[in-house]
Amino acid sequence: SNFRKKVSAICCINAQGQSAPPVLLIQSSPNDPAVETVSDWVNGQMRMKCTNSGWLTNQDFFGWFSSTFIPFVEEVRAKRILQGVRALLVLDGHAR
């Protein structure tokens, strides 16, 4: 492939092996033909978001946190009858 863009991934897996939907941050605009290449590659297995840099920003992180992480934790709690039990999120510190 001739794909030459920066790509970052946001992934979240719990101790039981359940995972939240991963997100790919792609350095491009939504109209860039490279987005179609990546879209074909991920085949609906990940959500994609176009960014200017391809890096994770604080805004991207907080968007993922509220739209993906929190609902994932709530879903796991509901299935396992763990309402009110705390969750721990370990970060690698790459958000800018």
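This is a predicted model: local features need pLDDT of at least 70, side-chain atom pairs count only at pLDDT 80 or more; totals for chains, interfaces and linings use all residues.
Strand β2 covers residues 23-27, and it pairs with β1 in the antiparallel sense over 4 bridges. As an example of that pairing, V7 has I26 in β2 as its bridge partner.

Helix α2 spans residues 58-80, and T68 is found in it. Is T68 buried or exposed? The relative accessibility of T68 is 3%, so this residue counts as buried, the cut-off being under 20%. The side chain of T68 is joined to that of R47 by a polar contact of 2.3 Å. Leaving aside residues up to four places away in sequence, T68 touches A20, P21, R47 and G63.

Next, the charged pairs. How many salt bridges does the structure hold? There are 2. In one of them, the side chains of K49 and D60 meet, at 2.4 Å from N to O. This pair links distant parts of the chain, with K49 in strand β3, residues 47-51, and D60 in helix α2, 11 residues apart. K49 counts as partly exposed, because its relative accessibility is 37%. D60, by contrast, has a relative accessibility of 10% and therefore counts as buried.

A salt bridge also joins the side chains of E75 and K79, at 3.0 Å from N to O. Here both residues lie in helix α2, 4 residues apart, which is about one turn of the helix. E75 is partly exposed, with a relative accessible area of 42%, while K79 is exposed, with a value of 59%.

I move on to the aromatic residues. A search of the whole structure finds 5 aromatic pairs. One of these is formed by F61 and F65, a tilted pair at 5.8 Å centre to centre, with 35° between the planes. F61 and F65 both lie in helix α2, 4 residues apart, about one turn of the helix. F61 is buried, at 13% relative accessible area, whereas F65 counts as partly exposed, at 27% relative accessibility. The rings of W64 and F69 have centres 5.7 Å apart and planes at 35°, so this pair is tilted as well. W64 is buried, with a relative accessible area of 6%, and F69 counts as buried at 7% relative accessibility. Which residues make up the aromatic cluster? F61, F62, W64, F65 and F69 form one cluster.

My last point concerns a backbone angle. Most residues other than glycine have a negative phi. I81, however, has a phi near 55°, a positive value in a residue other than glycine. I81 is placed in the segment after α2. With a relative accessibility of 75%, I81 counts as exposed.

Thank you for your attention.

How values were computed:
Residues are numbered from 1 along each chain as its sequence is written. Side-chain values use heavy atoms; hydrogens and water are left out. Helices (H or I, at least four residues) and strands (E, at least two) are DSSP runs, numbered from the N terminus. Buried means under 20% relative accessible area, exposed over 50%, partly exposed in between (1.4 Å probe, protein chains only). A polar contact is a pair of N or O atoms within 3.5 Å; within protein, one must be able to donate a hydrogen and the other to accept it, and residues adjacent in sequence count only if both atoms are side-chain atoms. Contact means heavy atoms within 4.5 Å. A salt bridge is a side-chain nitrogen of Lys or Arg within 4 Å of a carboxyl oxygen of Asp or Glu. Two strands pair if DSSP finds at least two bridges between them. Rings of Phe, Tyr and Trp (its six-membered ring) pair if their centres lie within 6.5 Å; planes under 30 degrees apart count as stacked, over 60 as edge-to-face and the rest as tilted.
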